[in-house]
Amino acid sequence: MMVISIFHVIIAKITLNYRGPNKVTINIIQITDLHLHADRNVSAHNINTFNSAQSVLRAIEKNERDFDMLILSGDLSDDGSTASYENLRYLLKNFDCPIYLMSGNHDSLDSIELITNKNNLKYQNYANLGKWGIFMFNTKKDNSPNGILHQHELVSFDKITNDNKDKYLLIMLHHHPVPIGSESMDTMIIENSNELLNRINHTQIKGIGWGHVHDEISIKYNGALLFSTPSTCYQAKPKSKKFSIDLSQSPGYRIISLRDDGEINTKVIRVTL
Ligand SMILES: [Fe+2]
């Protein structure tokens with residue numbers, strides 16, 4: 001009897017230690033800037049964007065087990081065609097977790113709406129996940145490649161923070177909210193990003209992630225982690241005057257882990273084509 005009860009104690013301890021730290025961690029995979037076309041054979045900067053996105057998604061399927069959702073942070077399509085979003089749906093067909101689609105400057109909101117909110121593909125700006133909330137701004141500005149925070153979304157964001165529903169917040173964007181030191185990219189920055197940056201001091205914002213810049217960046221800003229994620233296709237040379245391709249970097253995705261204590265752990269995984 002004595003042996004059995006010690007055995008039980010050991011098992012209980014192992015279980016607690018094993019499950020404890022991860023039990024309530026939310027794992028998100030961010031994928032961004034797929035730039036799909038209606039025609040699956042189209043290449044941009046010598047990369048077939050359909051094949052490249054497919055390679056990244058296959059790597060996720062093969063190598064990642066423990067994730068709760070995908071967030072696709074814009075420029076899902078390059079040409080905005082309905083067929084390009086059908087290609088996206090085809091590429092995502094093996095994933096049954098919630099998949100949040102966000103709009104980038106190349107996207108068509110009408111086409112995104114055609115394929116979302118009927119299944120696990122979602123188009124919505126807010127999700128509550130227990131202690132964490134995720135707010136996904138639509139930073140697309142009409143008839144412009146630049147980013148903008150729309151007033152009605154800022155109002156709904158403020159309502160959510162004032163209601164104190166979430167202890168911690170992750171914000172996702174398509175465009176970058178801070179300059180990245182690349183002249184051409186920085187012309188397309190979120191024009192009124194101060195509206196968001198000024199809110200970091202007095203809300204629960206722990207992290208802000210984006211795509212658009214086709215490069216990996218990580219910055220600490222007033223206690224929040226700001227980060228961008230590589231595209232699933234071509235990569236941009238950091239801090240270059242004109243947009244130029246960085247052949248030394250592969251496509252990739254980002255794992256974002258939201259811990260129960262408000263910490264964010266995140267890393268980029270590159271995929272060799
Ligand atoms: Fe973009």
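**Confidence**

I began with the confidence values of this predicted model: the protein chain has a mean pLDDT of 91, and 91% of its residues reach 70 or more. I then looked up where the values fall, and found that pLDDT stays under 50 over residues 1-22, a stretch for which the model has zero contacts beyond four places in sequence.

**Helix α2**

I turned next to helix α2, which covers residues 49-63 and has 15 residues. From its first C-alpha to its last, α2 reaches 21 Å, which I noted as close to the 21 Å expected at 1.5 Å a residue. Which residues of α2 are buried? I listed Thr49, Phe50, Ser52, Ala53, Val56 and Leu57. I kept in mind that an α-helix has 3.6 residues a turn, so residues three or four places apart point the same way. I also looked up what the buried residues of α2 pack against, and recorded the strands β1 (26-31), β2 (43-44), β3 (47-48) and β13 (252-258), together with helix α3 (82-91).

**The six-stranded sheet**

I then followed an open sheet of six strands, whose order I wrote down as β7-β8-β9-β10-β12-β11, with mixed pairing. Its edge strands are β7 (126-129) and β11 (217-221), each of which pairs on one side only. For the angle between neighbouring strands of this sheet, I noted an average of 15 degrees, direction ignored.

**Around strand β12**

How do β10 and β12 pair, in the parallel or the antiparallel sense? I found that β10 (residues 205-210) and β12 (residues 224-228) pair in the parallel sense over four bridges, and that Trp210 has Ser228 in β12 as its bridge partner. On the side of β11, the two strands β11 and β12 run antiparallel and are joined by five bridges, with Ser218 standing opposite Phe227 in β12. I checked the connection as well: β11 and β12 form a hairpin with two residues between them, and Asn222 in the turn has a positive phi of about 45 degrees.

Finally I compared the faces of β12, where Ala224, Leu226 and Ser228 make up the covered face, whereas Leu225 and Phe227 make up the uncovered one. In a regular strand the side chains alternate between the two faces of the sheet.

Terms used
Residues are numbered from 1 along each chain as its sequence is written. This is a predicted model: local features need pLDDT of at least 70, side-chain atom pairs count only at pLDDT 80 or more; totals for chains, interfaces and linings use all residues. The expected span of a helix is 1.5 Å times one less than its number of residues. A residue is buried if 20 or more other C-beta atoms lie within 10 Å of its own, exposed if 12 or fewer, and partly exposed in between; C-beta atoms are placed from the backbone. Two residues are in contact if their C-beta atoms, placed from the backbone, lie within 7 Å. Two strands pair if DSSP finds at least two bridges between them. Axes are lines fitted to C-alpha atoms, for helices over the stretch in contact, and angles run from 0 to 180 degrees between N-to-C directions. pLDDT is the predictor's confidence in each residue, from 0 to 100.
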